[in-house]
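Me: I'm new to reading protein structures, and I'd like a close look at a single part of this one. Could you walk me through the aromatic rings and what sits around them?

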Amino acid sequence: MLSMSQFDSKHLGSSSCIRAHKMWNKSMVLKFLRTKSSSDVLLQPTWDHIRLHHHSTVSSPFFPVLIAFCSYLSFSLPFAIIDLLGEKLPFFYRYKIQKERQPTVGLMATCLCQVVYKYVVFVIPAVVVNSFVMPSSPLHTRAPSVLELATGVLGCLLLFDFQYYLWHLVHHKNRYLYRSVHSYHHSYTAPFSWTTQHLSVVEMMTVGFWIQTNPLLLACHPLTGWTCIIIGTWMSVEGHVGYEMPWALNNIIPLGLYGGTPAHDMHHQKPHSNFAPFFSHWDKICGTAISVDRDTRLVQKGNF
Ligand SMILES: [Zn+2]
Ligand SMILES: [Zn+2]
């Protein structure tokens, strides 16, 4: 095959040569633009492996529930151990927010058993019914790009944050709704990791419905939906652990955009504030934000 320079010298005059060069350059640029960047195909091998080797597992309507429950267990367990060892682990204990309130083994076991009971008696039957109403669609062959996954997860989390903020606010303002639906979650004024999913049946179903439908609403890839469940569960558990670690999301995400552990811990102490589960913008906009001064532990309104 002739190289471009050989082709030019043998068959073209000078003007034809320039024209050919321009065409060649243009085709190369178009080819380059059509070439996928590495971040576009980074997840394809993982997705192909999941699709080809674990198809029946990930296609099951129970798979999102399994991810949610396993994430809850695995994220909560280390903090339960830290709580039980208490002052024997001074490295962690110094970050505990309500040091005077330490959960016992009995308290943790009761809380976890109630969560498991609700999964077995309510969530699993609801998934069975839902699988008849909304059968799962075939899996995509294409994986999402890293950018699609990141924006999809952020979109789902922001949407959930808004939905839960409104729901939460209404359930605190309305005495009947608070008593019959949400007060169950406020059984503990000093939350610990297992209390993350210590929710009434109605609240658990509502949260589960949003987690299931938000990725569909935003047309997200299934991989994005599952990632969102894992990250969302981590964020929820972190909000309930009762320890404000230096690496907690509220200390990493800048400009006070994220409420996190101190904000939600304060909500369990002062239930008429900090209604957003993750981010802080809705509480700031609506004037429902309360923060804790980290040095004096004094309650301050509206300035975190
Ligand atoms: Zn809570
Ligand atoms: Zn509440």
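**A look at the aromatic rings**

Reply: Let's start with a charge and a ring: the charged end of Lys99 sits over the ring of Tyr93, 5.7 Å from the ring's centre. Keep in mind that this is a predicted model.

Phe91 counts as partly exposed because its relative accessibility is 41%. Trp247 counts as partly exposed too, with 41% relative accessibility.

Phe278 and Phe279 make another pair: their ring centres are 6.5 Å apart and their planes are at 90 degrees, so the pair is edge-to-face. Both Phe278 and Phe279 are buried.

What about the nonpolar cores? The largest has 27 residues, and Trp47, Tyr119, Trp194, Leu223 and Trp226 touch the most other members. Helix H4 (44–53), helix H6 (63–85), helix H8 (105–133) and helix H12 (222–240) are the elements that give two or more residues to this core. Leaving aside residues up to four places away in sequence, Trp226 touches Trp47, Ile50, Val58, Phe63 and Ile67. A second, separate core of 15 residues includes Phe160, Tyr258, Phe278 and Phe279.

Terms used:
Residues numbered from 1 in each chain as written. Chains lettered and ligands numbered in written order. Predicted model: local features only at pLDDT ≥ 70, side-chain atom pairs only at ≥ 80, totals over all residues. Heavy atoms only, no water. Core = buried A, V, L, I, M, F, W, Y, C linked by side-chain atoms within 4.5 Å. Buried < 20%, exposed > 50% of the residue type's maximum accessible area, 1.4 Å probe, protein only. Helix = DSSP H or I, 4+ residues; strand = E, 2+ residues; numbered from the N terminus. Contact = heavy atoms within 4.5 Å. Phe/Tyr/Trp six-rings, centres within 6.5 Å; stacked < 30°, edge-to-face > 60°. Lys NZ or Arg CZ within 6 Å of the ring centre and 35° of its normal.
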